Protein chains: 4
Amino acid sequence: MVVVMAPEATQTDVDTIVDLVRTAGGEAFVSRGVARTIIGLVGDIEQFGTLNLRSRTGVGDVVRISVPYKLVSRENHPSRSVIKVGGVPIGPGTVTVIAGPCTVETPEQTVAAARMAKAAGASLLRGGAFKPRTSPYAFQGLGEAGLKILAEVRAETGLPVVTEVIDPASVDLVCSYADMLQVGTRSMQNFTLLQAVGSAGKPVLLKRGMNATIEEWLMAAEYIAQRGNLDIVLCERGIRTFETATRNTLDISAVPVAQRLSHLPVIVDPSHSGGRRDLVLPLSRAAIAVGADGIIVDVHPEPAAALCDGDQALVDSDIRELAAVMSTMPQLMGRTLSQAPQPVTVG
Amino acid sequence: MVVVMAPEATQTDVDTIVDLVRTAGGEAFVSRGVARTIIGLVGDIEQFGTLNLRSRTGVGDVVRISVPYKLVSRENHPSRSVIKVGGVPIGPGTVTVIAGPCTVETPEQTVAAARMAKAAGASLLRGGAFKPRTSPYAFQGLGEAGLKILAEVRAETGLPVVTEVIDPASVDLVCSYADMLQVGTRSMQNFTLLQAVGSAGKPVLLKRGMNATIEEWLMAAEYIAQRGNLDIVLCERGIRTFETATRNTLDISAVPVAQRLSHLPVIVDPSHSGGRRDLVLPLSRAAIAVGADGIIVDVHPEPAAALCDGDQALVDSDIRELAAVMSTMPQLMGRTLSQAPQPVTVG
Amino acid sequence: MVVVMAPEATQTDVDTIVDLVRTAGGEAFVSRGVARTIIGLVGDIEQFGTLNLRSRTGVGDVVRISVPYKLVSRENHPSRSVIKVGGVPIGPGTVTVIAGPCTVETPEQTVAAARMAKAAGASLLRGGAFKPRTSPYAFQGLGEAGLKILAEVRAETGLPVVTEVIDPASVDLVCSYADMLQVGTRSMQNFTLLQAVGSAGKPVLLKRGMNATIEEWLMAAEYIAQRGNLDIVLCERGIRTFETATRNTLDISAVPVAQRLSHLPVIVDPSHSGGRRDLVLPLSRAAIAVGADGIIVDVHPEPAAALCDGDQALVDSDIRELAAVMSTMPQLMGRTLSQAPQPVTVG
Amino acid sequence: MVVVMAPEATQTDVDTIVDLVRTAGGEAFVSRGVARTIIGLVGDIEQFGTLNLRSRTGVGDVVRISVPYKLVSRENHPSRSVIKVGGVPIGPGTVTVIAGPCTVETPEQTVAAARMAKAAGASLLRGGAFKPRTSPYAFQGLGEAGLKILAEVRAETGLPVVTEVIDPASVDLVCSYADMLQVGTRSMQNFTLLQAVGSAGKPVLLKRGMNATIEEWLMAAEYIAQRGNLDIVLCERGIRTFETATRNTLDISAVPVAQRLSHLPVIVDPSHSGGRRDLVLPLSRAAIAVGADGIIVDVHPEPAAALCDGDQALVDSDIRELAAVMSTMPQLMGRTLSQAPQPVTVG
């Protein structure tokens with residue numbers, strides 16, 4: 001942390017800062033320039049936070065130097081992590097495809113979508129039972145009935161289930177059906193929810209808030225990690241910018257940047273970032289080429305009848321193309337495609 | 001709603017759309033141009049939403065024309081609403097000042113801040129007991145102990161209490177102490193929370209999400225209204241932009257825009273938008289001059305010791321200036337300053 | 001300037017930086033922390049720029065501390081400047097209104113608009129003869145014929161003329177008619193143009209780029225100042241954000257922030273920021289209340305027939321309201337309304 | 001174009017709009033809904049622009065439906081264009097690499113960088129002689145001396161030259177040395193410059209403005225095309241967002257979106273968007289995978305000594321990696337790598 005004194009700061013002002021820092025158990029190094037003086041602080045940054053240094057007389061600015069997250073930082077954990085979801089790995093050696101319908105509507109639609117997912121190379125099934133919707137008048141999901149459908153389709157196809165949780169009160173319920181809990185973009189700073197999923201003992205897929213900096217995203221992961229759960233996969237899904245040609249702007253650079261700052265795997269959602277079916281394949285290729293550890297895509301057997309986001313769901317012809325991409329690009333990146341577990345056969 | 005056909009659309013494509021709309025109970029008017037054909041849809045827009053028109057063959061674009069909110073819209077409720085909080089009005093005839101500490105720390109600090117608030121012209125006391133913090137390592141608020149302090153200070157000063165609720169599970173608890181529930185910027189699209197406060201029967205202060213469009217903000221208000229609660233006050237608190245000189249960019253235009261679209265009162269938070277004490281007074285004046293129905297500001301008896309956001313809290317000299325502004329500007333706008341209720345004297 | 005070493009930096013890496021800085025004539029102070037080492041640099045920052053410190057082994061980050069502008073900075077020129085345009089002051093003691101048509105179309109339209117401007121309290125006439133238009137098919141202005149009309153209207157009304165220059169090659173031409181040169185938002189980083197107006201010896205109205213930070217805006221002013229011209233007025237006109245309800249987002253906080261960083265006057269354009277007539281008056285009031293040194297507004301005798309931006313031009317009823325604002329609000333801010341010079345009477 | 005009437009609009013208001021449109025030679029189709037009436041306009045949209053429909057009584061909103069550009073639109077020119085620069089193709093069948101130093105400093109540095117460029121797979125040489133710099137105190141380029149160096153290096157290496165022009169007055173000079181004129185991000189809406197390069201008869205590399213929508217970018221191309229020059233290559237180079245971890249946010253989706261809207265080739269600048277050397281390779285791979293027609297990258301023999309943007313220039317080890325990417329990825333995309341012409345041997 002660096003304290004930049006204002007041009008008019010006095011020696012007493014400088015001494016006050018140094019004293020405050022030392023009293024708080026830190027060390028302060030003064031660099032006196034012609035135009036202004038700066039003070040480098042060394043020690044426990046949390047401690048310095050309560051000193052309100054910016055409010056002190058003669059202080060021009062306070063610049064944080066070190067990162068505010070610890071458990072998810074790569075500084076203390078240099079090798080990149082592999083997270084397992086129902087036995088399927090997500091991490092540096094593989095490309096993992098998560099696919100399925102945006103919303104679970106019926107058993108038939110879900111199983112059909114799961115088969116499309118598998119055909120596209122997916123090893124994990126996504127599907128929403130609890131949906132955060134901008135309008136109170138829009139379909140809000142089937143709730144527990146949707147979770148049951150997902151569990152049945154898992155039994156039939158072998159695909160472990162990734163599904164969203166939107167409320168701390170329903171974390172236990174969702175956990176009893178899901179293999180991985182998804183925290184959506186609008187919930188990324190729902191800190192109560194982050195703490196609840198952090199305590200739940202299931203892998204978490206943490207989408208980046210559409211307005212969140214990469215640092216804030218990692219801080220949200222830190223909330224989960226602080227409760228003892230480091231099985232976190234980060235998902236870049238587009239940020240909000242001035243451009244209106246796409247629903248959001250996929251921040252493709254965020255993948256290598258986040259991988260450099262954190263040991264957690266990073267995947268990309270090319271469906272929600274573009275919001276348009278014709279962008280899903282190009283953005284999927286770009287995601288793998290940039291080094292993402294996987295992708296999560298919407299598929300639907302009949303997009304025109306979808307209850308949610310039908311505009312961006314892949315259809316059959318796209319599935320074949322995506323499968324072709326998955327048969328060549330992971331290898332080019334020195335990775336293998338994660339494989340789906342076999343369905344459990346009873347008998 | 002207008003469907004814009006792609007240049008290559010056929011007559012059959014156009015007919016399909018018209019048929020879909022009519023089957024859904026709507027009416028479709030076709031305008032055939034040289035370059036392209038557009039179809040104007042008339043009827044129940046919610047119904048059209050499930051038609052996935054954008055996925056249909058030959059469709060280039062779908063443009064929504066009408067607003068998606070109803071209960072909070074000014075179209076059906078032309079006169080602007082007045083909301084009462086513990087008897088204090090917020091609305092078109094008045095300027096209401098809400099002030100207090102960002103975080104409740106101690107009874108002494110809170111009562112001192114409340115006195116500063118009153119001196120500045122405030123008629124409502126703000127103070128946080130549950131704090132959403134970006135870092136899991138930061139102070140998260142006193143919880144119920146903080147609510148008790150607020151209730152005591154209300155008894156002593158007469159100021160009704162506005163405090164934040166961050167979790168559906170604690171709405172009942174907060175309601176038992178507060179006069180108005182605040183939904184913070186990070187919770188604006190926490191739909192479970194919106195529904196919970198909508199059912200709670202207390203006035204709600206709904207902060208705009210820092211990444212939310214005005215339309216999304218009004219949709220969040222619609223979530224609350226849909227549960228039967230129209231006692232909602234909107235609060236503009238700055239949006240996230242590329243500018244880093246201020247914490248957020250106060251969208252001052254949002255005040256008249258939202259007032260024109262909705263009948264709900266709109267106030268401004270000049271403390272959190274700027275994030276700097278020296279901006280609070282200029283932005284407070286601007287807020288009243290633009291036509292806001294009030295402001296909400298941070299005050300703290302000793303900002304340098306504040307546990308949260310001390311950098312932006314007003315101090316004594318600012319209080320006198322703010323009081324001076326409040327004694328002249330409301331009148332210039334044809335309004336009066338809302339007055340604090342008298343403390344209840346027992347005996 | 002502060003160099004933040006990476007966690008893996010060696011002692012040799014640190015020594016290399018210190019040596020480089022000293023060789024460049026600066027001084028380097030090392031603060032060794034538990035997690036990382038920072039080096040505070042003191043000396044000539046321009047010199048350090050060519051050292052490419054960020055590319056050196058072991059360097060994690062380089063943080064600039066001091067501001068990169070000098071001539072326009074308030075650090076070296078604490079009292080705020082007053083700029084005179086044809087005798088009309090713009091600066092701390094006054095509120096100056098600049099008004100006129102967005103585009104000069106005919107002598108009749110221009111003189112009518114000038115009369116409206118005067119009635120609204122304006123002391124300077126704006127009007128565009130060279131128009132930067134997004135579409136090559138849109139009306140590009142009357143060119144020199146427009147400048148002649150402006151000069152005639154100045155003779156008739158006494159109002160000094162503010163008009164835009166878009167090309168270094170026409171600076172001399174525009175100077176021969178105008179009292180103040182306007183550099184538009186799209187030209188804010190047209191450095192050749194900035195240098196040309198810097199050498200022209202006329203006051204300059206420098207609009208903020210719609211994507212420019214306040215620092216970049218001041219650097220653009222520095223380009224003008226560096227050519228010997230400090231008669232610069234800054235104009236905030238809205239920045240580009242995700243919000244689409246308004247054409248741009250007026251960054252009202254930029255006024256006090258820029259006034260604190262620079263000694264130059266700062267005015268506001270409420271017409272182009274909102275892009276809607278109904279926002280001009282509320283935003284004008286907000287501008288004056290926040291402490292702006294003036295405003296620049298579009299007026300047109302017949303907006304429905306305007307060749308450019310008719311949607312935002314004020315009409316007669318607005319003029320009366322604006323005049324009322326100008327008769328009360330400057331005084332409230334401890335300022336006076338700048339007065340128009342008398343027309344020169346010949347004979 | 002669709003006119004949306006306000007809820008309170010009368011029949012007379014509707015009739016007025018219909019009459020205006022018909023008088024202007026267009027046709028108007030009225031769709032009367034329960035809540036509001038919309039009017040679809042058919043005809044010459046430029047003509048409608050001057051009707052100022054938004055200012056008319058009873059009009060709520062005016063929504064443009066068709067795109068405002070013509071010559072660069074893919075609607076009238078469905079097959080994607082190939083542009084040749086000194087014989088090197090840029091377009092759908094190839095991947096073209098443009099590389100070189102950000103700034104031309106010396107003949108030695110430039111020829112060394114050109115050799116690195118070739119080794120990396122480049123067939124065109126970039127290098128700046130006129131530099132638009134944010135600070136007036138920064139190095140502004142060698143000017144004509146730099147152009148001469150570029151021409152010498154072209155003679156030696158055979159690589160055609162791409163260089164920036166920042167001022168209409170120097171277009172002729174730059175044309176006498178360059179094979180392709182670059183219009184930089186800060187000049188994208190310098191309309192005088194666009195017109196000058198449009199008349200110059202050389203291919204143009206048009207960078208996207210860092211704050212420009214894709215539509216505005218295509219309108220800038222239309223300015224050039226309107227002067228008779230359709231040899232335009234679009235270059236996505238990152239847009240400005242709230243994220244500060246990267247210099248700009250590469251809008252990777254803009255590549256397929258622009259390619260769908262326009263027949264012009266689209267390339268990507270991974271150096272300036274990220275502003276960090278470690279991002280150049282991942283973003284280059286992503287660019288090719290998303291379907292870009294090429295990339296433009298900074299290389300420098302000794303980045304630590306570069307006069308401009310040394311932080312992002314590739315060094316030797318990166319060159320080998322980039323060459324490896326270029327030997328595999330174009331083929332995966334069904335393209336070939338564009339080859340450099342042979343140097344002209346004099347004899």
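User: How far apart do the C-alpha centres of domain 1 and domain 2 of chain A lie?

Analyst: They lie 44 Å apart. Keep in mind that this is a predicted model.

User: What makes these two domains, and where do they run in chain A?

Analyst: Domain 1 covers residues 2-63, and domain 2 covers 83-337. The bounds come from an automatic or database domain assignment.

User: How big a box do the C-alpha atoms of chain A fill?

Analyst: Taken along the principal axes, the box is roughly 80 × 40 × 40 Å. The secondary structure of chain A comes to eleven helices and 15 strands.

User: What share of the residues in chain A is buried?

Analyst: The test is 20 or more other C-beta atoms within 10 Å of a residue's own. In chain A, 61% of the 347 residues count as buried.

User: What share of the contacts in chain A with a separation of 6 or more comes from residues 24 or more positions apart?

Analyst: That share is 66%.

User: Why is D:Arg133 called partly exposed?

Analyst: Buried needs 20 or more neighbours, and exposed means 12 or fewer. D:Arg133 has 17 C-beta neighbours inside 10 Å, so it counts as partly exposed.

User: Where is the place of D:Arg133, and which residues does it touch?

Analyst: D:Arg133 sits in the loop between strand S8 (124-126) and helix H4 (144-157) of chain D. Leaving aside residues up to four places away in sequence, D:Arg133 touches D:Ala138 and D:Gln140.

User: What is the strand order of the open sheet of chain B, and what is the pairing?

Analyst: The order is S2-S3-S1-S4, with antiparallel pairing across four strands.

User: Why do strand S2 (27-32) and strand S4 (59-63) of chain B stand at the edges?

Analyst: Each has a single partner strand, so one side of each is left without a neighbour in the sheet. From one strand to the next, the twist averages 20 degrees.

User: How do you know that strand S1 and strand S3 of chain B pair?

Analyst: Pairing takes at least two bridges. Strand S1 (residues 2-5) and strand S3 (residues 37-42) of chain B have three, in the antiparallel sense. That passes the test. One partner to look up: B:Val4 bridges to B:Ile38 in S3(B).

User: What does helix H1 of chain B lie across?

Analyst: Helix H1 (residues 11-23) lies across S1, S2, S3 and S4 of chain B. Against S2(B), the helix runs at about 160 degrees. Angles are taken between N-to-C directions on a scale from 0 to 180 degrees.

User: How many residues of chain A are in contact with chain B?

Analyst: There are 37 from chain A, meeting 36 of chain B. Helix H6 (191-198) and helix H7 (214-226) of chain A each supply at least two residues of that side of chain A. H7(A) has the largest share, five residues. By class, the side of chain A that touches chain B divides into 16 nonpolar, eleven polar and ten charged.

User: What rotation superposes chain A on chain B?

Analyst: A rotation of 180 degrees, with 0.0 Å of shift along its axis and an RMSD of 0.0 Å. In chain A, A:Asn211 has the C-alpha nearest that axis, 2.9 Å away.

User: How do you know that chains A and B meet through the same surface?

Analyst: Of the interface residues of chain A, 97% are also interface residues in chain B, so the copies use the same surface.

User: How many residues of chain D are in contact with chain A, and what helix gives the most?

Analyst: Here 28 residues of chain D touch 28 of chain A. Helix H8 (254-261), helix H10 (277-290) and helix H11 (316-332) of chain D each supply at least two residues of that side of chain D. H10(D) gives the most, with seven. The side of chain D that touches chain A has 15 nonpolar, ten polar and three charged residues.

User: Why are chains D and A said to be related as by a two-fold rotation axis?

Analyst: Chain D can be laid on chain A by a turn of 180 degrees and a shift of 0.0 Å along the axis, with an RMSD of 0.0 Å. The two copies are therefore related as by a two-fold rotation axis. Of the residues of chain D, D:Ala286 comes closest to that axis, with its C-alpha at 2.1 Å. The same surface serves both copies, as 100% of the contact residues of chain D recur in chain A.

Methods: Residues numbered from 1 in each chain as written. Chains lettered and ligands numbered in written order. Predicted model: local features only at pLDDT ≥ 70, side-chain atom pairs only at ≥ 80, totals over all residues. Contact = placed C-beta atoms within 7 Å. Nonpolar A, V, L, I, M, F, W, Y, C, P; charged D, E, K, R; others polar. Least-squares fit on C-alpha atoms with pLDDT ≥ 70 in both.
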